[in-house]
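Work through the two exercises below with the structure at hand. Each task is followed by its solution.

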Amino acid sequence: MTLRLFNTLTGQLDALEPADGKALRMYACGPTVYDYGHIGNFRTFLQIDLLRRFLRLSGVAVRHVMNITDVDDKIIRNAAAAGIPIGEYTKQYVDAFFEDLEALRVDRPEQIARATEHIPQMVELIEKLAAAGAAYKVEDGSWYFRLKSFPEYGKLSKKDLSGMEDGARVDVDEYEKDSARDFALWKAPKPNETFWDTAIGPGRPGWHIECSAMAMEYLGESFDLHCGGEDLMFPHHENEIAQSETATHKQFARHWMHVRFLLVDGRKMSKSESNFYTLRDLLLKGFKASAIRLALISVPYRRPFNFTFDSLTDATNAIDRLRTFRDRLTKGAFATGSNQAIRGAAKKAQTDYRDALSNDLNTAEACAAIFEMVREANTVIDRGLFHLSDRDAVLAVLADFDAVFDVLEDRDAEPTRRALAWADQAGRMSEVAPELIAAQSLTDEAIKALVAERTAAKKARNFVRADEIRSALAERGVILEDSKDGVRWKRK
Ligand code: AMP
Ligand code: ZN
């Protein structure tokens, strides 16, 4: 099965395969660690996680490199305002980023590359560009890339650059939308700014050169896939291509994947619009990490996704349905034998699921295939027509689903507990949903003891006490389900 993925560079669906026949070499632009990531950022990282998980499910090995931009204008400004070195300033956000990725069950890339640990490689690349006449130094000691030296500039974003002025420069990391200008490769230090002393003079790297140098360091001059959010297409990725291809005369990345934005009321979720939620914000409101994961991956990456709390509630319900179904399969008692219809439904679900993901990672259709099977199997179980040997066929489809979506195991308590500990220490307890505080104050042991007491009360026909316990638990966000096999409980 070959994944056909939209390639921004060619403007069509292209087969995504490792050029070396061994491992797919991919680079993803990572976070700029000046603050906590918002769930728009995590939409992109989750979609990339989904891609790598699906490749692995399809038997393709992956070598995934992600950078951490730990030096830029904002970082320097904020660290200076806080009166601490940039390394100390960024550490808290690097740690938080990895904690958030773990909560969202994003697999770790094979290689994490920090910009501040690759300055020599960046300097070397700038020297190479200077030797080729594509980089020039200005009065203050900064270096710029000469756009006119790369006639193919614009080939990724398909921008028309005919009106471009030679030598017009931009040196900030944030760009006007449409201005193509010679961009900074290396920035001379302003008074009191962090800098590195190097062969090309004192200073620090521009944002774009970081990614070119680190991608080539770990993946070679030419590699399979480069990913990021749609805002990186221009100028960041266009600039990466210009620098890299000018230096090597080879194609930089063959395939480019861009994840569309997470929106709020139709506008990009972003720090500057103040319309963002961090993962922690949502965990403190009582949403679970698994629901946030599912919501952010179930809208296909090439569609903009207008974020709503309803989408999180829908995801919560969907996960509940799947987990209940899985429990029903694993804990139920079924007669021996098999049911051809359900075997057929499982086979169809598996094919539809894999076909949907192979078709440009269509997660919406992939989920629909799984839920169709759940619906059919539930009906068959209700009618008593489900058999023991059907179970493995259906569980195998759920395993395929979970290898990519990873929401079936309930591991939600830990991220919520950590978010609460963080809120406590950050003075943000006033933002915590009251229900969450109440639920957290009950340990699993205390819940089990109350459930046992209720079972004993029911046996003794003391229904008043049994109901009292049920309501007391419900008030604290614990739901009980009576079944043939005993009482199951879960935190809401
Ligand atoms: P940054 O930390 O700003 O460099 O962004 C990290 C990643 O998140 C990049 O790939 C961005 O393109 C992506 N990103 C930023 N905002 C959004 C958004 N609202 N929706 C989806 N991806 C985003
Ligand atoms: Zn990048």
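Helices (H or I, at least four residues) and strands (E, at least two) are DSSP runs, numbered from the N terminus. This is a predicted model, in which local features need pLDDT of at least 70, side-chain atom pairs count only at pLDDT 80 or more, and totals for chains, interfaces and linings use all residues. Residues are numbered from 1 along each chain as its sequence is written, ligands are numbered from 1 in the order in which they are written, and side-chain values use heavy atoms, with hydrogens and water left out.

**Exercise 1.** Find which element supplies the largest share of the lining of the second largest pocket.

Solution. Step one: the lining holds 37 residues, and Lys288, Asp410, Lys490, Arg491 and Lys492 are those nearest the pocket centre. A pocket is an open set of points on a 1 Å grid over the protein atoms alone, where a 1.4 Å probe fits, with protein on both sides within 12 Å along at least five of seven lines; lining residues have an atom within 4 Å of a point. Step two: the elements giving at least two residues each include helix H8 (289–298), helix H9 (309–331) and strand E17 (478–483). Step three: H9 supplies the largest share, ten residues.

**Exercise 2.** Locate the backbone atoms that lie by ligand 1.

Solution. Step one: a backbone N or O atom of threonine 32 is 3.0 Å from a ligand oxygen atom. Step two: glycine 229 likewise places a backbone N or O atom 3.0 Å from an oxygen atom of ligand 1. Step three: for methionine 269, a backbone N or O atom lies 2.9 Å from a nitrogen atom of the ligand.

How values were computed
Polar contact = N/O pair within 3.5 Å; in protein donor to acceptor, adjacent residues only side chain to side chain.
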